[in-house]
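Trainee: Could you take me through one part of this model up close? I'd like to look at the salt bridges.

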Amino acid sequence: MSDISLLMAGVLTTGQPSLPVSPIEPETQQDKTALSGEKLEKQKEPQFVSSSNKVAPPEFAQTENSSGQTPVELTTQQKNILNKLKEKSRTEKVNEEDKNKQVKNLSPVRSATESQEDGMSQVTSVSQLNDVLSSDWAFTALQSLVERYGCIAGYPDGTFKGNRTLTRYEFAAGLNACIDKVNELIAASKENLVSKEDLVTLQRLQTEFQAELKEVTARVDNLEVRTAQVEANQFSTSTKLYGQAIISAQGTNETDIFLYRGEEQPRKAKTNTTLTASSQITLATSFTGRDLLLTGLSAGNLKPSTESVSTNMGRLAFESDTANDLYLSELSYRFPVSDNLGVIVGTAGVNAVNTFRGINPLEGAGDGALSLFAQRNPIVAIGSGTGGIGFDWQISDRVSLQGVYSSQIPSFPGDINMGGLFGGNYTAGAQLTLAPSNNVDIGIHYLFNHSPEGNLRTGIGDTQLASPLVPETSFDTHAVGATVAWRVNENLQLGGWGGWTTSKPFNVEGKVESTNWAVFAALPNLLSPGNLGGILFGQPPKITSSTMPDGYNLPNFAIPDFETGGAQGGRDDTSLHLEMFYRAQINDNIALTPGLFVIFNPNHNADNNALIVGALRATFRF
């Protein structure tokens, strides 16, 4: 790939609604006419690219033997040209009888006998044909005019496509361009460049395609009016506006949750059924055509359910807890260093989630899975970075490498332990993206994170590394993992991921290890083109081993009591996440996604009852 498309962002921030990939491009386009852009019933091929923007064809008089259609008048310039040509013919003593025969042969209507005499078979009127064949006289005549006057720029590949059938509207568009060109030559008094025979041929073609020429002209006039309206009202010549709004209803069942082992009374876990909304707009600006400046603003009122259900395993992907206040979610600049290397730098929206190439087909806060866990391998979200620098390097057709350095609070000017570009919580990582075949994608992830508060900040599962009863401890974490997706066919994709972390604390001995995994199936075009079904089953991040001094370890931190809890070891039980959803694409702009997911043994505690989360998400994009 010669251009990496400037590191287009997928999901702007963890847990925030995602936008489409920039600017875009678009799906399969329907066939368009060369001039108006309107769909034609029989058009299947690429269109002519006219050398003229405006169509104002001159009209030529018919010959005496033309059919009974209404003749049109010659312009004064055209009459002068014909008179000069007649005088030249007399000077050269052209035989009057040959001259009349030549004019007669050029007439649009001839008898079968006359056609056979000059070696041509009888030709049915072109107006009776659905298409113009490459063997038709009209096609040959226009091709000859094109070669002599260069009046058509050709197709996008620069050729005339002389070996295929043309629709009558394609032909009329090309004829219009030639009429324009000849008219320009006449207006410039370059009569020696236009022969009498070509004028008569153009008159004959215009007569045969009179209806199509009028329609093409009308369509061009309409297109010019609409183009003028767009130019007068367009937002910017270099900036495009993209937006996404989500309206959602969600709620949970009522269940018993024990926050820690040994707790005497369970907590009642339930959220009210709520109706919430979030919105996001992005301005995409390009200065050179290959760079991209993204500015994103977000607002919403969907809060995390963690407090209500005493676990972070029920979180939704499209949460936007801003109390409807507007905040800056993206401010980044992407630009190419070479054809195969692009760089991203910014104060917001620069992290591994936005820099690494997405492998999971269920990813997308606005159009993918409903839960936060199902979006991606959780280790990719470690650190919750916002600002920094990254790159995307296309090494070969099947191998690419992405890298990123991101800080959680890059603008903090105070204590280096709290923030700053190289202080506070920061993350550096890379992803090797492989495509061993056309239907398999693999991402191999590595991330390093420094956390002064001992929290991986993935937002799901075991993110806290030490007991909350001990002094805050800094940790350095190494995380490795992989994600794979296999496109079995156009309607089925299978895949999964796995991740492992090891975290070493400052000032105390020991380390903490955690794992997570998931398998999934994506069902594109389920029941209807553009729809998406999804099933995912996996384990949220879980501490499998913790070897810090007694009292520091998070698993079982309160067993048998707060004074003696926090012994070494990992989680005794395992939480499992099962999710199903179905996105119905109502039209290009609106999608409805109902779904639910179930958390078995929330908080990796078998004493806890299953938590069920249901949601209906409506996404509007513009």
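**A close look at the salt bridges**

Mentor: This is a predicted model, and the structure holds 11 salt bridges. Let's go through some of them.

Start with D367 and R621, whose closest N and O atoms sit 3.0 Å apart. As for cover, R621 has a relative accessible area of 16%, so it counts as buried. D367 comes out at 21%, so that one is partly exposed.

Next, R571 pairs with D462, and here the closest N and O atoms are 2.8 Å apart. Again the pair links distant parts of the chain, 109 residues apart. Both ends are in loops: R571 between β20 (532-546) and β21 (576-585), D462 between β16 (440-451) and β17 (475-489). D462 is buried, at 7% relative accessibility, whereas R571 is partly exposed at 23%.

Then there's E453 with R457, where the closest N and O atoms are 3.5 Å apart. E453 is partly exposed at 25% relative accessibility, and R457 is partly exposed too, at 34%.

Buried residues account for 47% of its 622 residues. Of the chain's contacts with a separation of 6 or more, 66% are between residues 24 or more positions apart.

Note on methods: Residues numbered from 1 in each chain as written. Predicted model: local features only at pLDDT ≥ 70, side-chain atom pairs only at ≥ 80, totals over all residues. Heavy atoms only, no water. Buried < 20%, exposed > 50% of the residue type's maximum accessible area, 1.4 Å probe, protein only. Contact = heavy atoms within 4.5 Å. Salt bridge = Lys/Arg side-chain N within 4 Å of Asp/Glu carboxyl O. Helix = DSSP H or I, 4+ residues; strand = E, 2+ residues; numbered from the N terminus.
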